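Please walk through this structure one region at a time. The paragraphs below are meant to be read with the model open.

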Amino acid sequence: MKLYGFPPSPNTWKVRAVASHLGAPLELEFVDLSKGASHTSAYLALNPTGRTPTLVDGDFKLWESNAIMQYIASKNANSLWPNDAQKRADITRWQCWQLAHWGAEACQPLTFQRLVKKFMNLGPPDAAIVATATEAFNKGAKVLDAHLAKQPSLVGKDLTLADFAVAVPLFYAKEADLPLGPYAHLRRWFERVSALPAWRETAPQMPAAA
Ligand SMILES: N[C@@H](CCC(=O)N[C@@H](CS)C(=O)NCC(=O)O)C(=O)O
């Protein structure tokens, strides 16, 4: 299997971390987003949305990071993606929430405004966007903190794809100044998730997230 991706991007990183954790062979094809490489005609033939990551497995092409995580984890039995309809729905619920709200409304705009803009010389953070995203971050972090006060992982006891998906933006917490301070359960959970060797094994060499 080949993953077309940009390693510093959380959407690529979480897929590579899952593959590494499961010991699934996954070759990286570097797509340099800083040079617009996801908009070439060759790449658009794989993924017409012009976004990364994209998985290619033989004739099968799959885009959308959370679908890719589920596909890779479906290849062999494992506890990240248990063969149980309710657990799979529960994991998918958190993955949908991560993409639609935790990522798009909170972590991503804060990371873009405070880290990517600096790295790419795009000017200072937009204060209005930072304010709206900070409010969304606190709203989401409260939900996570209350949930993780009751159980060790997002879905039951064991770590699953849900934890990989929701945790990944927090690797940029320092650079993006994500306000984690008030959320002790969330911080403790992130310490546990981020200690998995798979994150180090797939960690980006570049300092910026896109
Ligand atoms: N929902 C998509 C989001 C993918 C996405 O936004 N990728 C960004 C990097 S994080 C990208 O490739 N942007 C390049 C562009 O839009 O030109 C997923 O989860 O795969």
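Ala167 is a residue of helix α6. The model is a predicted one, and in it Ala167 has a relative accessible area of 0%, so this residue is buried. Which residues does Ala167 contact, once its neighbours within four places in sequence are left aside? They are Trp189, Phe190 and Val193. Glu191 lies 24 residues from Ala167 along the chain, and the C-alpha atoms of these two residues are separated by 9.7 Å.

Apart from neighbours within four places in sequence, Leu186 is in contact with Trp102, Ala141, Leu144, Asp145, Leu148, Leu170 and Leu180.

The next region is a hairpin. Strands β3 (residues 54–57) and β4 (residues 60–63) run antiparallel and are joined by four bridges. Asp57 has Phe60 in β4 as its bridge partner. Two residues lie between the strands, and Gly58 in the turn has a positive phi of about 65 degrees.

Thr54 lies in strand β3. Is Thr54 buried or exposed? Its relative accessibility is 0%, so Thr54 counts as buried. The side chain of Thr54 makes a polar contact of 2.7 Å with the side chain of Tyr43, and another of 3.0 Å with the side chain of Asn47. Beyond its neighbours within four places in sequence, the contacts of Thr54 include Lys2, Leu3, Tyr4, Leu62, Trp63 and Ile68.

Ile68 leads on to helix α3, where it is one of the buried residues, along with Ser65, Asn66, Met69, Gln70, Ile72 and Ala73.

The structure holds 12 aromatic pairs. Trp97 and Trp102 form a stacked pair, 5.6 Å centre to centre with 15 degrees between the planes. Both residues of this pair are buried: Trp97 has a relative accessible area of 19% and Trp102 one of 1%. Phe171 and Trp199 form a tilted pair, 4.8 Å centre to centre with 45 degrees between the planes. This pair links distant parts of the chain, 28 residues apart, with Phe171 in the loop between α6 and α7 and Trp199 in helix α8 (residues 197–201). Phe171 is partly exposed at 24% relative accessibility, whereas Trp199 is buried, with a relative accessible area of 1%. Phe171 and Trp199 belong to one aromatic cluster with Trp13, Phe164, Tyr172 and Phe190. Phe190 is also one of the contacts of Ala167.

Definitions and conventions. Residues are numbered from 1 along each chain as its sequence is written. This is a predicted model: local features need pLDDT of at least 70, side-chain atom pairs count only at pLDDT 80 or more; totals for chains, interfaces and linings use all residues. Side-chain values use heavy atoms; hydrogens and water are left out. Contact means heavy atoms within 4.5 Å. Two strands pair if DSSP finds at least two bridges between them. Buried means under 20% relative accessible area, exposed over 50%, partly exposed in between (1.4 Å probe, protein chains only). A polar contact is a pair of N or O atoms within 3.5 Å; within protein, one must be able to donate a hydrogen and the other to accept it, and residues adjacent in sequence count only if both atoms are side-chain atoms. Rings of Phe, Tyr and Trp (its six-membered ring) pair if their centres lie within 6.5 Å; planes under 30 degrees apart count as stacked, over 60 as edge-to-face and the rest as tilted.
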